[in-house]
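Subject: Structure handover

Hello,

Here is the structure I promised to pass on. Please open it alongside this message; my notes follow below.

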Amino acid sequence: MTTPTARPPGAGRGLSDRSFGFLLTLPALVLFGAIVLYPLVGSLSTSLFRQSLVLPGRSFAGLDNFRTVLADEFWPVLQHTLVFTIACTLIPFVIGFALALALHTRLPGRGVLRGLFLFPWVIPGVVVSFVWMWIFNANYGVLNGLLVRVGLVDEPISWLGQPGMAMAAVIVAKSWASFPWMMVMLLAGLQTVPQALHEAAALDGAGPVRRFWHVTLPHLRGIIGVVLLLETIWNFQHFDTIYVLTGGGPAGATTTFAVSVYDTAFKGFDLGRAGALGALWMVLLSILVVIYVWASERGEKS
Amino acid sequence: MTLAEPATIATPARRPSPQPSPRRRRPRPLGAAATVAAIGVFAFGPVYWLLVTALTPNDDAFAFPPRLWPDTVTFEHFTNLADNPALARYLGNSLIVSLLTALLTVIVSAYTAYSFAKFRYRGRRSLMYLVLASQMFPQALLLITLYLVFSAYGLLNTYLALVLSFTTFTLPLCVWMLKGFFDTIPDELIEAAKVDGAGQGAIIHRILLPVSLPGLIATGLFAFIRGWNDFIFALTLAGPEKQTLPPGLVNTYLGEFQAAWPDLMAASLVVSLPVVIGFIVLQRYLVAGLTSGAVKG
């Protein structure tokens, strides 16, 4: 933490340093209020009204929208969101961690490999969906082609056409796009583990597995917490991959909060209902965000 | 840990490695190589298929089971793209909107980031964490009111609407990333300028910003990439005339007839190219960007 800027006596040009410091934030704060805070509050407030996206006017609805949503789509949508979020956090974590450990050795070409492995993560989210949509294609897809060729299946499978399969397909695509980020973060963490600790443990007769559990893992606890928490928060509100790959289908089987709020507002035009679902979503999300900010704050102080 | 203080990670990720000691950890390249190979199949199999499909003539691409190795190679799918005026328009829109977003955000964020990095006042910490947390506000939710407001002011289907909506996610990213860069600038540099009689404006514009130029460019490039990759805002706030490439490609190729897979794979390569180049340029700042950007996905 930098020390507070000392103010030389007589430096006041009508403004003290402190108020000047605050003034500097004003352009961003005004913009931020207009395009982030106001829209957030505005969207949440629609939950209390009967309001259409395309018709003017609205009428107060009390908690009717919440009753409707809780009696209808909330629980299945929550379930889909949780399945998606948990799977798309843990699977990339395991893959990314394994890869980080493998690239942290003296493997030749590891620098180049690290860069190449980033490809799935840097490309636009819609491209991730395009690629996997083509792989999973029921009629011409390469996945069915390989399975038929090796004789694992007789008939091509409609991966994106069946509820359970579609969710699995979405999870595979999103995990493919996420693991490189985990890899980079964990690799950066691994590079901070002091080599001396490993050597001392090795001298005491600890094998590679014990050194991993007792030296590497404890050292990485902070960074592991950060990547798991952030990935959970992002997956909880993820939209692009799901929306392009399945559109939330089939039969709503991959409809998460993001997809449901979007469709309710922009296809169903029902802003009250979208707002109510969004408010419930936001409550769950805030719990995660509060944990994250609290952990960051604690990290900065330590 | 690292997240909370981007300053510590704004430095290039690669440090000079300590002299290898004679008793260093034994490399186990066999296990490592097997792991890399297994994950490599998962990671690069789809990339290979993307490339192969983009180069395969239509007749072969729609054979079943598919040929894993193309017998004939064609560039017709890329020339098909060039012949489609709508795609050229989406490309132009993507460039304009992402560039304007990056410029606007870096300029506005620089002052705020300087304030967060070098001044101490009541409420600073709360503001910082408000900006941090805002990256977590769901876009689908913000979009409802943004749509209503832009609609009321007749701004739907304009570059302005896209730039402002993209700024909702680039602003927090840039503020935190630039704060990380400004944290590394020694206070003495600013104090010395003050002693020499430089005003606050001169300190910012003649010292802080020039010294931080690489950081400003890296931050701007990250903002450009995030804008380039946006899907949901451009899909909803713009029609075919002002839409960017990601929703433009969805509308062009995933309509009622999903047929032109090789064309779509070629287009996917084209839309990915600037981002890949951007990341190659940004390698040095990767971890800083990942964490602050982290700080916003």
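**Confidence and chain A**

Chain A has a mean pLDDT of 87, and 93% of its residues reach 70 or more. Keep in mind that this is a predicted model. One stretch calls for care. Over residues 1-14 of chain A, pLDDT stays under 50. For that stretch the model has 24 contacts beyond four places in sequence.

Next, the overall make-up. Chain A holds 13 helices and 2 strands. Of its 302 residues, 55% are buried. I also looked at contacts in chain A between residues at least 6 apart in sequence. Of these, 67% join residues at least 24 apart.

**Where the chains meet**

Together the two chains bury about 10,200 Å². Carbon and sulfur atoms account for 75% of that area.

**Helix α7 of chain A**

This helix spans residues 142-149. Its buried residues are Val142(A), Asn144(A), Gly145(A) and Leu147(A). What covers them? The cover includes α6 (125-135) of chain A, together with α1 (29-55) of chain B. Just after α7(A), look at Gly151(A), which takes a positive phi of about 80°.

**Asn229(B)**

Last, a single residue on the other chain. Asn229(B) is found in helix α10 (residues 213-229) of chain B. Is Asn229(B) buried or exposed? Its relative accessible area is 16%, so Asn229(B) is buried. Leave aside its neighbours within four places in sequence, and its contacts come from both chains. From chain A, Asn229(B) is in contact with Val122(A), Ile123(A), Pro124(A) and Asp240(A). From chain B, its contacts are Pro246(B) and Val275(B).

That is the handover. Send me any questions.

Best wishes

How values were computed
Residues are numbered from 1 along each chain as its sequence is written. Chains are lettered from A and ligands numbered from 1 in the order in which they are written. This is a predicted model: local features need pLDDT of at least 70, side-chain atom pairs count only at pLDDT 80 or more; totals for chains, interfaces and linings use all residues. Side-chain values use heavy atoms; hydrogens and water are left out. Buried area is the accessible area (1.4 Å probe) that two parts lose on being put together, summed over both. pLDDT is the predictor's confidence in each residue, from 0 to 100. Contact means heavy atoms within 4.5 Å. Helices (H or I, at least four residues) and strands (E, at least two) are DSSP runs, numbered from the N terminus. Buried means under 20% relative accessible area, exposed over 50%, partly exposed in between (1.4 Å probe, protein chains only).
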